[in-house]
Amino acid sequence: MSIRAVIAAFVLCTPVFAHADCTARLNEWAQALSPGRTIDANNAACKAWPQNPAQTLAILPLPQKGATEDKTVYDVQVLVADSKTGAIIAHSYEPSAITSDAISLRGIALDTAHWQLAPHALAFGVRKSYEGSSRVNPFAATTLSLYLIDGSRLRKVLANLTTQQSNGEWDGNCAGQFSDTARVISIGPAGQGAYATLHISEKTVDSTHAEAAGQCATKNKAAKQANVTLTYDGSHYGVPAALKFDQ
């Protein structure tokens, strides 16, 4: 075979490794870390890390025994694995990390934005989405947690920061009040230990719905804006209770 043919064959074969379907390894990882446990395949997630495609990120929600239609408590395994071999590089086990009940888990996603917290510390995120079951008291929220590789373990440096929240109360027909809050995170200048500060820009819009001339009219109040800065304390970023959602 000519050198050109060898190179062409290599180019054609390389994407197979780079883009292999990591979901085929979810059960393998679960059995390696939590033998005998069953994952919730609908909410498990994995993804090659764009900043380092040789590594794959995954989150494995493991329902505890005794789950019912009304309530499920999950233990969670978060891991980083070798993209080619599937070997686990680092992981974190979080018992009773999620409770899905009247406010239920609606999805988990890996956030692979460029979370460069320090020159030596590139993080990745896990976003969890929740939704309330009440029609007249609607509720929805999304949270973000950030993880760093620390040897053979993953260290959570930001825990359950609420990036979006919507709630309200209405009569099921028209009249009611609602509130929507969105938070955007940006990386600020270096602070303690060369770790960046995190700047949180918050925007809240409150609205009222009322019937007028046979129509359901919406009136938005002036948006309220706020800014919060989170600093690294040597182990993690403290999240104020008002910005945090634990479920």
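## Lining of the largest cavity

The residues I59, V76, E94, V126, K128, S145 and Y147 form the lining of the largest cavity in this predicted model. Strands β6 (121-132) and β7 (139-150) are the elements that contribute two or more residues to this lining. Sorted by class, the lining has four nonpolar, one polar and two charged residues; here Ala, Val, Leu, Ile, Met, Phe, Trp, Tyr, Cys and Pro are nonpolar, Asp, Glu, Lys and Arg are charged, and the others, Gly among them, are polar.

A cavity is a set of points on a 1 Å grid over the protein atoms alone where a 1.4 Å probe fits but cannot get out, and lining residues have an atom within 4 Å of a point. One cavity of 30 Å³ or more is counted. The volume of the largest cavity is about 40 Å³, taken as the space filled by probe spheres set on the points, with grid points joined across faces, edges and corners.

Seven aromatic pairs are counted, where rings of Phe, Tyr and Trp (its six-membered ring) pair if their centres lie within 6.5 Å; planes under 30 degrees apart are stacked, over 60 edge-to-face and the rest tilted. The pair of W49 and F124 is edge-to-face, because the ring centres are 5.5 Å apart and the planes stand at 75°. W49 belongs to strand β1 (residues 45-49) and F124 to strand β6, so this pair ties together parts that are 75 residues apart in sequence.

W49 is buried, at a relative accessible area of 3%, and F124 is buried at 0%; buried means under 20%, exposed over 50% and partly exposed in between (1.4 Å probe, protein chains only). The rings of F124 and Y147 are stacked, since their centres lie 5.7 Å apart and their planes are at 20°. This second pair links F124 in strand β6 with Y147 in strand β7, 23 residues apart. Y147 is buried as well as F124.

## The chain as a whole

The chain has two helices and twelve strands, assigned as DSSP runs (helices H or I, at least four residues; strands E, at least two) and numbered from the N terminus. Of its 247 residues, 40% are buried. Among contacts (heavy atoms within 4.5 Å) with a separation of 6 or more, 51% are between residues 24 or more positions apart.

## Basis of the values

Residues are numbered from 1 along each chain as its sequence is written, and side-chain values use heavy atoms, with hydrogens and water left out. In this predicted model, local features need pLDDT of at least 70 and side-chain atom pairs count only at pLDDT 80 or more, while totals for chains, interfaces and linings use all residues.

Notes: 1 Å grid on protein atoms, 1.4 Å probe; cavity = no way out; pocket = protein on both sides within 12 Å on 5 of 7 lines; lining within 4 Å.
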